[in-house]
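Please read this report alongside the sequence and the model. It moves from the overall fold to single residues.

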Amino acid sequence: MKKALVLLACVLCAWPVSRAAAQGVTTASVTGIVRDSQGGVVPGATVVAVHVPSGTSYEGVSQADGRYFIPGMRVGGPYKVTAGLSGFSPESKDNIHLSLGVAQDVNFELKVAAVAETVEVTAQADPVFASTRTGAATAISRDDIAELPTINGRLSDLTRLTPQASSNSSFAGQDGRVNNMTVDGAYFNSSFGLGEGQAGGRTLVAPISLESIEQVQVSIAPYDVREGNFIGASVNTVTRSGTNQLTASVYHRMRSDGWVGTDAAGLSVNPGTFTFRNTGVWGGGPIVKNRLFLFGNYENELFKAPLHTFVANSGGQAATGSVTRVLASDLDALSAYLDKNFSYKTGGYQNLPAETPGKRYLLRSDVNLNNSNRVSFRYSQLDSSSGKNLSSSTSAGLGRGTFSTAFLNFAASNYSQLENIKSSIGEWNAILGQKTSNNFVGGYTKNDESRGDWGKLFPFVDILAPDGTAYTSFGTEPFTPNNELRYTTYQAKDDITRFANRHSITVGTTLQRYESENVFFSLQQSGYVYNSLQDFYTDANDFLANPNRTVSPVTLRRFQVRYMNIPGLSKPLQPLRVWNTGGYAQDEYRVRQDMTVTAGVRFDRAQFANTTFPNPAVDALTFRDEKGAAVKYSSGHLPDPKFLWSPRTAMNWDVGGKQSTQVRLGTGVFTGPPPYVWVSNQIGQTGLLTGFDQIDNTNARPFNPNPDTYKPKTVTGASAASFEFNVSDPSFKFPQVWRTNLAVDRRLFWGITSTTEYLFNKTINGIYYINANLPAAQTAFAGVDNRPRWTATRINTGTPTITAAYVMKNESMGRSWNISEMLSRPLYHGLTLKGAYSYGISRNTIDPGSNASGTWLGNEISFDPNNPGLGIDNAAQGHRVFVQASYNRQYFGFGATTISAFFEAKPSYPNFSTTASYVFAGDMNGDGASGNDLIYIPRNTSEMNFVAFTLPPAQGGRTFTADDETNGPEPRAGRLQERFRQETGRPVPSRHHEFQ
């Protein structure tokens, strides 16, 4: 890595000083050709662009081919652009608005000066028709932001204007966590990967107010190699700046719960009370006119909603609707008992509110040092939290049916999720001489996604009902104590671009330092599961009578406790340290006046610090890979540093040179980091960091309110006797896709612009998991559904016993495609319209979750779980339609009213979404994973085994023989038959599956 960085630095230092950067992710550009009245090119003309609101001036000079280029400009506008040369009358174009990341074409035709005059032209810039635009991208302007309806004020309410957008911040069929989100050039990602692909996803609070955003650009296939760090989309946001005019706003927003539904399928529902309020203020203006500007924003919001609407049973009530089977008398008595005997306060159990407070701060300054150097600084902060209900996970106790009529727990067993973000960024844009520009960005972002204060640590207890399922629970939430996640990103990026005849050549480098501290200490407070409420009372009373006892008078269904296994450590910290470096070079070549070709290459390299806890005991074990070969893995191994290359090329053809039809074609490779939780899993799952005891059907763990009672008094750091092992394959590489884009933009009648876009993705390095501790299948099912079956699910059953060995590997089978048609009509008599239809399919072998075990166990399969085959991706878009409309009308010259609407239709689960599967409820094939085995749907009656069946007497008592069921119902005149068919699930080799 050092050699590569030194080489790249030498290239940058040796590059000749000349002129300007092309498009970037924080600025815009203006380009074009200066001609004379005869159509000949005019070299040496001076082109000056003035940002009217701030007085900021930018300048360029036309080259030998008449082409000029002005980089590093503020987005928005309006701009006045003037071209002039001695002997010609200057020409000016007004009302130019620039879009983020777009090099806007503004051409001039200078006339020989007969008299001293300036030709004034009103122009309308269009980000769709731009000579440097190549792949799929959506520009979202300040007007769009102000007019687009939004409920939560989050960025996803803006990015839905992208035709290829799907749920959970997903674009073009890729997981939403593999996007690259930036704000003013600073990484603003949910990098660890426990959110939904964007900052603020843990509490669903917008980290930056929409009032502070100037523009957003969603780039799905940007063939400019400066844009990297993603395989989904690059989502770039630029915040607002101050201008020469002092402006400010104070506002208060509220939301009524009158629109919350109270009826479900004809049944009356009480949804509870919802309240929302948001109070804010923003202001901007000059400190020094034309030179120094400030903008600031503060918002304070609070959302209140019911945590749930389930209530306890008063006795004799049916357990339906929101009434549970759990008796209020049981809960009241239990709460009083715990308070009296253990000083533990459970809190209430119904009508519990979930509060989500959020505070946002932003301050930005912009400085025009001179006409060639501009500097900006921005600081933003989010403080937020969100109330959450007790987890239903089966890894604590036996699991519990939260949000159901079978279960109700106390308030003290719930928790709060934090999301606090601090981000600062500085940017310097410089023009060096007449042919070179430089852009430098440096920033720092800190995220805290820990859980809130859990109060007094008290053992977690599940109480079962007679049917063996959870009835109620109390105690500290099992996954909350020391559930800590903090991560920090440092970054620096520098681009230098030379502008010459027909060429814009760019070289640059990026450097990112990522650090995270993840702590997960589930069940450190001890967990008890009792077969009945009376069993708990019996055991607890026995403790009160004899605190030093060693045997319980009752048999517990389960006991669990986790403890630190390494001496001197108080909590199982899983540190992660990563250096991400990158470099790139490209040439934007103007083949002719109506065609631009871009070609470049980028490299990315990640290097992990060795922060693992190696376990020699597991290193000596032999496992089995997905091909059946014997293999060993190193518990101290994190992904090796590798150079990943991303070549890209694209073409933009303005057919006829009139900006009425534009053809775009590009292909190339995109590289991005995985959510780092996938790597962090490996640090804590080597059998050394913590120990874990679980005992079923025992009386040797009598109840004790001290969480540490059954933890070892001393630990040696030796390997645990039994544990789950996580590791990455030695050849593992960061995710990569090969993406091809073909598009046609056309101007139609009535000022309508049409964009037809086709995208195709081929996975180069996808992510999937195997359980390398799963042996070959021992048997198979008989009959047409002859899938393999396991009677033993572990290879390593000695000392130590490996419960599972999840290995993160690469696959290259995934693929996706998307086609879209978008129509837009700019402002016309106050009316703006925009709409799109898109359809996309995405296939992969596995949908990675937030941990290795959940990913492998939850993957729907039909044959070998370590070779699952292609299936529909959770991020597959399917059909999607949206329409945006807004109408603006100004009254009496001092104000305007805007009415806007947004309509969207896309698949949903009740209507058979693209990701629905039909599976067995248990572990049908015996591989150790429940609820993931696809149901086999017989192709015809020859594959069905029928038996005789007799109806109850109340229904006629008729007996249907096997022949009756094989041949179907008797035909009757006038009978209407209907059929519904839904193809589902992952494919089984050589078989076709249907549900009818």
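Predicted model: local features only at pLDDT ≥ 70, side-chain atom pairs only at ≥ 80, totals over all residues.

Residues are numbered from 1 along each chain as its sequence is written, and side-chain values use heavy atoms, with hydrogens and water left out.

## Overall fold

The protein chain holds 9 helices and 52 strands. Both are DSSP runs numbered from the N terminus: helices are H or I with at least four residues, strands are E with at least two. Along the principal axes, the C-alpha atoms fill a box of roughly 110 × 80 × 65 Å.

Of the 996 residues, 53% are buried. Buried means under 20% relative accessible area, exposed means over 50%, and partly exposed lies in between (1.4 Å probe, protein chains only). Among contacts in the chain with a separation of 6 or more, 74% come from residues 24 or more positions apart. A contact means heavy atoms within 4.5 Å.

## A mixed sheet

Which order do the strands of the open sheet follow? The 5 strands run β28-β27-β31-β32-β39, with mixed pairing. Two strands pair if DSSP finds at least two bridges between them. Strands of a sheet pair through backbone hydrogen bonds, either parallel or antiparallel.

The edges are β28 (470-474) and β39 (690-698), each pairing on one side only. On average, neighbouring strands are turned by 10 degrees against each other, direction ignored. Here axes are lines fitted to C-alpha atoms (for helices, over the stretch in contact), and angles run from 0 to 180 degrees between N-to-C directions. Strand β27 (residues 460-464) runs antiparallel to β28, joined by 4 bridges. Aspartate 462 stands opposite serine 473 in β28.

## Ring contacts

Rings of Phe, Tyr and Trp (its six-membered ring) pair if their centres lie within 6.5 Å; planes under 30 degrees apart count as stacked, over 60 as edge-to-face and the rest as tilted. This rule gives 42 aromatic pairs. One of them is tilted: tyrosine 298 and tyrosine 361, at 5.3 Å centre to centre with 45 degrees between the planes. Tyrosine 298 lies in strand β20 (residues 292-306) and tyrosine 361 in strand β23 (residues 353-370), so distant parts of the chain are linked across 63 residues. Tyrosine 298 is partly exposed at 29% relative accessible area. Tyrosine 361 is also partly exposed, at 30%.

Tyrosine 337 and tyrosine 537 make an edge-to-face pair, because their planes stand at 80 degrees with the centres 5.0 Å apart. Tyrosine 337 sits in helix α4 (residues 328-342) and tyrosine 537 in helix α5 (residues 533-545), so the pair ties together parts 200 residues apart in sequence. Both tyrosine 337 and tyrosine 537 are buried.

Charges also sit over rings. The criterion is NZ of Lys or CZ of Arg within 6 Å of the ring centre and within 35 degrees of the ring normal.

| Charged residue | Ring | Distance to ring centre |
|---|---|---|
| Arginine 74 | Phenylalanine 293 | 5.6 Å |
| Arginine 739 | Phenylalanine 670 | 5.4 Å |

## Backbone exceptions

Most residues other than glycine have a negative phi, and most peptide bonds are trans. The bond joining glycine 77 and proline 78 is cis, with omega about 5 degrees. Proline 78 lies in strand β5 (residues 76-84). Threonine 799 to proline 800 is likewise cis, with omega near 5 degrees. Proline 800 belongs to the loop between β44 (788-789) and β45 (801-811).

Leucine 204 has a positive phi near 60 degrees. Its loop runs between β13 (186-187) and β14 (213-219). Phenylalanine 403 has a positive phi of about 60 degrees, in the loop between β24 (373-388) and β25 (415-432). Leucine 204 is partly exposed at 47% relative accessibility, and phenylalanine 403 is partly exposed at 48%.

## Serine 646

Is serine 646 buried or exposed? Serine 646 counts as buried, because its relative accessibility is 0%. Serine 646 lies in strand β37 (residues 643-654). Beyond its neighbours within four places in sequence, its contacts include Val225, Asp604, Phe670 and Gln736. Tyrosine 758 is 112 residues from serine 646 in sequence and 21 Å away in space, C-alpha to C-alpha.
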